[in-house]
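Here is a short briefing on one protein model. Look at the sequence and the structure first, then read on.

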Amino acid sequence: MTKDRIYAQPLDEVPPFEFNRQVVEVFDDMLGRSVPFYQETVLRQAQIAAHRYQAGTRIYDLGCSNGNLGMALCAEMAESDFELIAVDNSAPMLETFAQRLKANGCQERVTLKQQDICQIPLENASVVIVNLTLQFLPLTERETLLERIYRALVPGGVLLLTEKLVHQHQSLNNLQQDLYYRFKAENGYSQMEISQKRDALEDVLVPETLEVHQQRLQRNGFTTIDVWLKWFNFASIIALKDE
């Protein structure tokens, strides 16, 4: 695994963050050192997806990146037939995902699509996964995507959503941010790396409160919602469509 050193040197101007080839090469290291309980989240989501999958339907991974969830799902459902549609707008991410699928012999059950997740047709889904992706969409597009996901889910279908958060109370928000930066420092990032990464994500990643996410889900038809994992300013949510 290549170590993330993207922001290890001082930059005269920090460009906006994007999922380019440079990021893809260090992506797993970046995730492991920047997203608390990332591997646990992916593992349990794959298990939930396998449990809730309905034969003859589809699984969608919207914002699939390099395929960590897809590979976990292939391992979890190795003895089962399923159809996964994995969507991302980053060609380098999908190239890496394709290589992993070929190496593991799982490419026949996974269809990769380089496309805007807000434009991809969604239908006949029993599981939809949106991991650390909604936060990169313009605020005006998030509601529409959730509405489309709900319509695409069959009765009993499930949405698995993971997001970075802000807190509605400023004092707790400051505390959570401080603890998150401490988490990154404990994982080997320098203060300069933390600062430059923060600048790169400014106006690119726009987090919302947990309450906003829950209210949006409810507005779009989800009545059974649970936060199954939360670490300060990160949360994983499961939302069910009534049967």
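**Briefing: pocket, strands and salt bridges**

The largest pocket has a volume of about 1000 Å³. This is a predicted model, where local features need pLDDT of at least 70 and side-chain atom pairs count only at pLDDT 80 or more, while totals for chains, interfaces and linings use all residues. Residues are numbered from 1 along each chain as its sequence is written, and side-chain values use heavy atoms, with hydrogens and water left out.

**The pocket**

- A pocket is an open set of points on a 1 Å grid over the protein atoms alone, where a 1.4 Å probe fits and protein lies on both sides within 12 Å along at least five of seven lines.
- Grid points are joined across faces, edges and corners, and the volume is the space filled by probe spheres set on the points.
- The lining of the largest pocket comprises 46 residues; lining residues have an atom within 4 Å of a point.
- Phe 19, Leu 132, Gln 135, Phe 136 and Leu 205 lie nearest its centre.
- Helix 1, helix 3, helix 6 and helix 7 (191–201) each give two or more residues to this lining.
- Helices (H or I, at least four residues) and strands (E, at least two) are DSSP runs, numbered from the N terminus.
- The lining divides into 25 nonpolar, ten polar and eleven charged residues.
- Ala, Val, Leu, Ile, Met, Phe, Trp, Tyr, Cys and Pro count as nonpolar, Asp, Glu, Lys and Arg as charged, and the others, Gly among them, as polar.

**The strands**

- Strand 2 is mostly covered, with five of its five residues buried (under 20% relative accessible area; exposed is over 50%, partly exposed in between; 1.4 Å probe, protein chains only).
- In a regular strand the side chains alternate between the two faces of the sheet.
- Leu 84, Ala 86 and Asp 88 are buried on one side of strand 2, and Ile 85 and Val 87 are buried on the other.
- Strand 1 and strand 2 pair in the parallel sense over four bridges; pairing needs at least two bridges found by DSSP.
- Leu 62 stands opposite Val 87 in strand 2.
- From strand 1 the chain crosses through helix 3 to strand 2, a right-handed β-α-β crossover.
- Right-handed means that, with the strands pointing away from the viewer, the path from the first strand over the helix to the second runs clockwise.
- Strand 2 also runs parallel to strand 3 (residues 110–114), joined by five bridges.
- Val 110 in strand 3 is the bridge partner of Leu 84.
- Strand 2, helix 4 and strand 3 make a right-handed β-α-β unit.

**The salt bridges**

- There are ten salt bridges (a side-chain nitrogen of Lys or Arg within 4 Å of a carboxyl oxygen of Asp or Glu).
- Glu 95 and Arg 21 form one of them, at 2.3 Å, N to O.
- Glu 95 lies in helix 4 (residues 91–104) and Arg 21 in helix 1 (residues 21–34), so the pair ties together parts that are 74 residues apart in sequence.
- Glu 95 is partly exposed at 37% relative accessibility, and Arg 21 is partly exposed at 37%.
- Arg 58 and Glu 83 meet in another salt bridge, at 3.5 Å, N to O.
- Arg 58 lies in strand 1 (residues 58–62) and Glu 83 in the loop between helix 3 (68–76) and strand 2 (84–88), so this pair ties together parts that are 25 residues apart in sequence.
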